[in-house]
Amino acid sequence: LRTCVFNYYSNIKNWEMGYLSEESNKFYTHYYSKKDVQILSNDYLYLGACLILFLAFLLIFLYTRKLQFLFYSLYIITSVAYLTYPYINGAETARITSTFLGHWLTSICQVLINLFYVCFVVYYLHTKTNYPVLHKSIRIIIGLLVCIFIVDGYVFLKGHYPLHMDVLSFQRLLMTFWGLLAMIYLITRAKDKLAYFVVVGSFLYMSGALAYLFLDNRFYMIVGSILEILVFTLGLAYKIKQEFEEKITLQNEISVKEISTLRAQMNPHFIFNSLSSIQHLILN
């Protein structure tokens, strides 16, 4: 074994002696401590569960063509990219996130998360007809988020990194303030149970995001995201059930009206035939 190892390294001419840190040693030996395994297991479990839900909602969108499922699937995948992708160990991951474009994409995902989320709410609650005031504010927020996306990309491209961080901080404050007002509005103006799903899910996610911001622990935001996804999964299932029941009710009403129409058509014919028979008898 020693002879093989010696022959393998015999052509290397630039040997150097130096200290190799524990973190660097992990990169070469693929060694993981108990703490590393615990952190990575949380990330991979969250990643796997979210990818399954992403594919499920994407398939539902392709089958139903309802945009609420598309925007929610995009919301899930951007949440995964922001919360887990930069922290998962691996050569390919490190190579992508360490690039100029990769670093910006992972940081701008927090803007895309909010953008896809508010677009999902528009179609989930039918805000245009059910909540016109909220719908107008969402249109403004969507415009601001698109502007923030463009401005931040330009700022990052020019190398103004402190301004890049300020733009993202402004986006966080904007969405926190607007989210609180939107939740208060929905609680006071709720027209059905769907609004409460939005309020509860948004509150859980916002709580995790604020805990991450102030306590600098990504785990809180992951927990908030998991709870929010569970709430909205139940909310989407409830909406599917509600739409199915409305469809059945509508079909029953149509059937009753069709039967009434047929009876209305049959009665004159019955009366006419009866009178004709009586007239025939009288004439005879």
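Two residues are in contact when they have heavy atoms within 4.5 Å of each other. Keep that in mind as we walk through this chain, which is a predicted model: local features need pLDDT of at least 70, side-chain atom pairs count only at pLDDT 80 or more, and totals for chains, interfaces and linings use all residues. Numbering starts from 1 along each chain as its sequence is written, and side-chain values use heavy atoms, with hydrogens and water left out.

**The overall picture**

What is the chain built from, helices or strands? There are eleven helices and zero strands. Here helices (H or I, at least four residues) and strands (E, at least two) are DSSP runs, numbered from the N terminus.

The chain has 284 residues, and 34% of them are buried. Buried means under 20% relative accessible area, exposed means over 50%, and partly exposed is in between (1.4 Å probe, protein chains only). Among the contacts with a separation of 6 or more, 70% are between residues 24 or more positions apart.

| Residue | Helix | Relative accessibility |
|---|---|---|
| Phe-61 | α3 | 12% |
| Ser-107 | α6 | 12% |
| His-135 | α8 | 15% |

Which residues does Ser-107 touch, leaving aside neighbours within four places in sequence? Ser-107 is in contact with Tyr-82, His-164 and Leu-168. Why does His-135 count as buried? Because its relative accessibility is 15%.

Phe-61 touches Lys-66, Leu-67, Phe-69 and Leu-70, again not counting residues up to four places away in sequence. Its C-alpha atom is separated by 8.9 Å from that of Ser-73, twelve residues apart along the chain.

**The nonpolar core**

In soluble globular proteins, nonpolar side chains tend to be buried together. A nonpolar core is a set of buried Ala, Val, Leu, Ile, Met, Phe, Trp, Tyr and Cys residues joined through side-chain atoms within 4.5 Å. The largest one here has 60 residues, and Tyr-72 and Leu-186 touch the most other members. The elements giving two or more residues to this core are α3 (34–64), α4, α6, α8, α9, α10 and α11 (218–283). Of these, α6 gives the most, with 16 residues. Not counting residues up to four places away, Leu-186 touches Leu-125, Tyr-131, Leu-134, Ala-195, Val-198 and Val-199.

**The largest pocket**

On a 1 Å grid over the protein atoms alone, a pocket is an open set of points where a 1.4 Å probe fits, with protein on both sides within 12 Å along at least five of seven lines; lining residues have an atom within 4 Å of a point. The largest pocket has a volume of about 940 Å³, the space filled by probe spheres set on the points. Its lining has 38 residues, with Tyr-82, Gln-110, Arg-172, Ala-209 and Met-221 nearest the centre. Helix α9 gives the largest share of the lining, twelve residues.

By class, 25 lining residues are nonpolar, eleven polar and two charged. Ala, Val, Leu, Ile, Met, Phe, Trp, Tyr, Cys and Pro count as nonpolar, Asp, Glu, Lys and Arg as charged, and the others, Gly among them, as polar.
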